[in-house]
Each structure stands twice: as C-alpha cells, then as structure tokens.
Amino acid sequence: MTAAGIDVCKASLDLAVDGQPGVAGFANNGAGITKLVKRLQALKTTRIVVEATGGYEEPLLEACCDAGLWIARVNPRQARAFANATGELAKTDDIDARILALMARLFADRLRPYVAPPLWQRELRDWLRRRGQVVVLLQAQKQQAAMAPASVRKLAARTIAALVRELAAIEKTMKALINEHATPALRSSKGLGPVFQATVLALLLELGHLDRRQIAKLTGVAPMNRDSGQGQGKRRIRGGRAPVRVALYMATLSAVRWDPTMKAHYRQLRARGKLGKVALVACMRKLLGIINARRRDELQAEALAVA
C-alpha cells in the first residue's frame, strides 16, 4: 500500500510519500492541485491523509474525491499528538507532511475517508460561510456607527445598507437551495429554521449515517469521561464541529420553549436538579438524536424505493 501525507498551507501544498525521500511542493490553487492529483494518480497512491486547515484543504479534498482517490482529513491536534508520540517534537511543513504519511500507512483502517458533497451542498456551504462573514461585519459596523460622530455616521450608514442588501441576497439564495433539498427530518421540530437547516445540510453530511452517540460526538455535544482509578472526573463536552454546535444551540433554545417534547424534557431535567446549561446541552443532544433518527429512516426509505 502506498501512503502519502499532504501538509496544507494557504499558498502551498507539501507532499510526502511514505518510504520515499524528499517532499514535493505544489501551489495551493487550481493549477497546483491538478498537478498534485496527477502525481498521486501516477504513484498509484491508495491512502492519503491531510490535516484540517481552516478550509484551505477543501479544494484539494474535493479534487481527490472527484479523481477517485482515497483521502482522509484528520484533526491537527491528533496529528500533533501522534508526532509527539513518535518522538518528533519539531514542527515544519516537511515534518508535518511526513508525519501525515506515516499516519496514512499505520492508521488507514481507522480513518474515515472523506466523501465530497454534491455540487449543491458545496455551493450552500460557500453561501453559509459568506453569510457568517457578512453578519460579523454588519454587527461591527453598527457598533462602530453608534460611537461615531454624525458626519462619520452617514458614511457608516451607507456601508450598513450595502451589507443589509448583501445579506438579504445571500439568504434568498440559501432559502432557494434549502427549499429544493431540505427533507422533512430537518423541519420536524420547532426551532429548526433556515440557518439551522443550511448548517446541517452543508456541514453535517454524516447525518443519518451514524448512530446517535457517534453524531453527538461528531457535533461536540457528547459528555466525555475523565476517570482514573477510583477517581471520577466531571463529564464535559469538547471538540466537534463548532458551527454545527452553535446552530444546534440556537435551535434548541427555541425548541425548549415551543416544542412540547423538548419543553417536557428540559423541565424534567431541571426538576431533577440539573443546572440550566447542563439541561440545555442534554436537550441539544436529544434534539440532534431525533433529527438523526428521522433522517436515517428517510435514507432507508429512499434506498428501498430505489431497490
């Protein structure tokens, strides 16, 4: 089995092939990714590992999937911990690429291959990301305008108006994609609005394919044990996909007020003495489990219909 690791930066991609000396560099753009994919195909690479790098790895992941290559994305914290475990304490792009290649050889069976989303989901992801940027900019402009003198406030008002128009255009496009592709499972409870639906459709492709414990861990709402010997530590949530968790939190805030099932569950937890935030996280986990189960049933029904 040929294993390779690719260290992803904003402007460059460094390829290391396990068992071969040297590291090859490519530009992180369309032309560079095309060359890299051809190099991997020529090497008949069977396993490729990259780190998550804030989205800079997504074009490479999708190009490799479109070319039929097996590729997995790992958490940078896990890659660094593995490097430390091998005794490699230094960190450079070349070292990172070699460490990822070693991970590809040793742990390929334990890694989940990346599955590129369809084109409409990629488009929705990009619109969702831009919406987040515009919301942050709009909030900042409003805060700055409130403290500015009248002469400056007029200019700020123009910027705010332009951002409001852009936000409306983005949400209109997102709504069209959601209406076309969202399923009843994503509208099954109170609070599951357009932003939540867009976030799940774009960023939680595993919905319905994993069990409730796995999907909770992936989202970052599963309590993690910290026990050792006779000591029992406090369970805490950690990790996971922050944008999905934020959208789920906002949806749950609404659901515990307006959805009868979630309201009853929240009140029951509070009556048992759970703190408000602890009860709310438990409701997040329950709401996610309900949506995941309904989406699983939808996928099974679709598979039966095709068969």
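Biologist: What makes the set around Phe196, Leu204, Leu207 and Leu287 a nonpolar core?

Modeller: A nonpolar core is a set of buried Ala, Val, Leu, Ile, Met, Phe, Trp, Tyr and Cys residues joined through side-chain atoms within 4.5 Å. The largest such set here has 47 residues, and those four have the most contacts inside it. This is a predicted model, in which local features need pLDDT of at least 70, side-chain atom pairs count only at pLDDT 80 or more, and totals for chains, interfaces and linings use all residues. Residues are numbered from 1 along each chain as its sequence is written, and side-chain values use heavy atoms, leaving out hydrogens and water.

Biologist: Which elements give two or more residues to this core?

Modeller: They are α5 (119–147), α6 (150–181), α7 (194–203), α8 (212–219), α9 (242–258), α10 (260–271) and α11 (276–306). The largest share, ten residues, comes from α11. Helices are DSSP runs of H or I with at least four residues, strands are runs of E with at least two, and both are numbered from the N terminus. The protein has eleven helices and seven strands.

Biologist: What does phenylalanine 196 touch, not counting residues up to four places away in sequence?

Modeller: Phenylalanine 196 touches Ala247, Leu248, Ala251 and Ile291. Contact means heavy atoms within 4.5 Å.

Biologist: Why is threonine 252 called buried?

Modeller: Buried means under 20% relative accessible area, exposed over 50%, and partly exposed in between, with a 1.4 Å probe and protein chains only. Threonine 252 has 0% relative accessibility, so it counts as buried. This residue is in helix α9. Leaving aside neighbours within four places in sequence, threonine 252 is in contact with Leu280, Cys283, Met284 and Leu287.

Biologist: Why does tyrosine 249 count as partly exposed?

Modeller: Tyrosine 249, also in helix α9, has 36% relative accessibility, so it falls between the two limits.

Biologist: How much of the protein counts as buried?

Modeller: Of its 307 residues, 39% count as buried.
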